[in-house]
Amino acid sequence: MSITVSFPAEVRDWIAQNLTRGVAPQAIVRELVDRKNAVELASAMVNAVASSFLYGTPLPGETLEIGAAPVAYEPEPLRVPDGPLIRLGERKTRVISRMQRPAAVLLDDFLSANECEQLIALARPRLSRSTVVDPVTGRNVVAGHRSSDGMFFRLGETPLIARLEARIAELTGLPVENGEGLQLLHYEAGAESTPHVDYLIAGNPANRESIARSGQRVGTLLMYLNDVEGGGETMFPQTGWSVVPRRGQALYFEYGNRFGLADPSSLHTSTPLRAGEKWVATKWIRTRRFVPRDQA
Ligand SMILES: O=C(O)CCC(=O)C(=O)O
Ligand SMILES: [Fe+2]
């Protein structure tokens with residue numbers, strides 16, 4: 001049995017700010033109990049906000065159900081075609097491996113060596129220190145945790161970019177217009193990205209606005225543009241799976257289901273690069289047409 005109680009927006013936002021700053025959920029519950037809330041109510045309020053962070057869902061509204069069934073992510077199969085070979089336009093790509101959770105496929109020969117070299121050459125003069133959206137303020141800041149350089153292409157910016165975007169749409173079954181501009185990342189020795197999910201957490205206004213404009217992110221395609229000498233693996237700590245970058249290969253993973261939940265097992269990291277460099281191109285895909293902030 002469950003009961004419905006009111007959940008004031010100020011309390012919800014205060015919990016969201018604390019979770020974003022990394023305060024432990026138990027500490028937030030304790031503080032609420034100190035402020036004369038019943039422990040069941042305090043736990044339910046913190047759990048509701050934590051669950052929205054975990055599954056990439058909207059923040060809870062003005063009411064809260066206490067005693068409702070807990071949320072869990074139900075995985076769905078990838079939209080990618082079955083079989084060992086996938087024909088994408090004039091290109092045939094070979095499936096190396098499939099993974100159920102997170103739903104993923106690793107592909108060989110997704111890009112030709114020449115396409116990898118062209119992407120690097122186009123991106124190199126335009127690199128700048130990678131930024132991320134600050135979870136508290138929602139502003140773009142230099143990513144302390146990421147320590148790579150990056151740049152973005154506009155959708156269809158060159159014939160090569162347009163051709164790759166068409167290939168990605170054919171693979172994923174999601175329209176080109178749902179894709180964000182292709183991002184190129186360059187890591188040097190020692191650089192890494194710490195564990196993160198690619199879907200957007202509704203804890204700050206910038207992410208909420210982005211989700212309202214373009215929908216949630218539901219899939220990521222990583223294209224490896226060079227072989228790495230050591231480290232620099234794309235690692236999924238929840239499942240212990242790690243992909244070693246190899247030139248021309250692509251890793252596609254999806255993390256959105258039909259209930260609008262995102263998959264926490266898609267948490268991933270680029271492990272510290274031990275030597276040499278790593279080049280990777282990332283395509284993030286939304287549920288709807290991607291509208292950048294400056295074009296809203
Ligand atoms: O460099 C990688 O392997 C991962 C990159 C990544 O996580 C991203 O661009 O979102
Ligand atoms: Fe990522």
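In what order do the nine strands of the open sheet lie, and with what pairing? The order is β3-β4-β5-β16-β12-β19-β10-β9-β6, and the pairing is antiparallel; here two strands pair if DSSP finds at least two bridges between them, while helices (H or I, at least four residues) and strands (E, at least two) are DSSP runs numbered from the N terminus. This is a predicted model, in which local features need pLDDT of at least 70 and side-chain atom pairs count only at pLDDT 80 or more, whereas totals for chains, interfaces and linings use all residues. Residues are numbered from 1 along each chain as its sequence is written, and chains are lettered from A and ligands numbered from 1 in the order in which they are written.

**Sheet and packed helix**
- The edge strands of the sheet are β3 (85-88) and β6 (128-129), each of which pairs on one side only.
- Strands β12 (residues 217-224) and β16 (residues 250-254) run antiparallel and are joined by five bridges, and Met 223 has Ala 250 of β16 as its bridge partner.
- Helix α5 (residues 159-172) packs on the sheet, where it touches β3, β4 (91-99), β12, β16 and β19, and its direction makes about 135 degrees with that of β3; axes are lines fitted to C-alpha atoms, for helices over the stretch in contact, and angles run from 0 to 180 degrees between N-to-C directions.

**Domains and their contact**
- The protein is divided into domain 1 (3-66) and domain 2 (85-295), with bounds that come from an automatic or database domain assignment.
- The C-alpha centres of the two domains lie 32 Å apart, and their contact takes 12 residues from domain 1 and 13 residues from domain 2, two residues being in contact if their C-beta atoms, placed from the backbone, lie within 7 Å.
- On the side of domain 1 that touches domain 2, α1 (9-20) and α3 (39-55) are the elements that give two or more residues, and α3 provides the largest share, four residues.

- The residues around ligand 1 (C-beta atom, placed from the backbone, within 6 Å of it) are Leu 185, Ser 193, Asp 198, Leu 222, Thr 234, His 268, Ser 270, Val 280 and Thr 282.
- Both β17 (268-270) and β19 (277-286) supply at least two residues of this shell.

**Annotated span**
- An unreviewed UniProt entry carries the annotation "domain: Fe2OG dioxygenase" for residues 178-287; UniProt positions are given in the numbering used here, feature names are shortened, and annotations may be inferred rather than shown by experiment.
- The end C-alpha atoms of residues 178-287 lie 7 Å apart, and the span is 9% helix and 43% strand.
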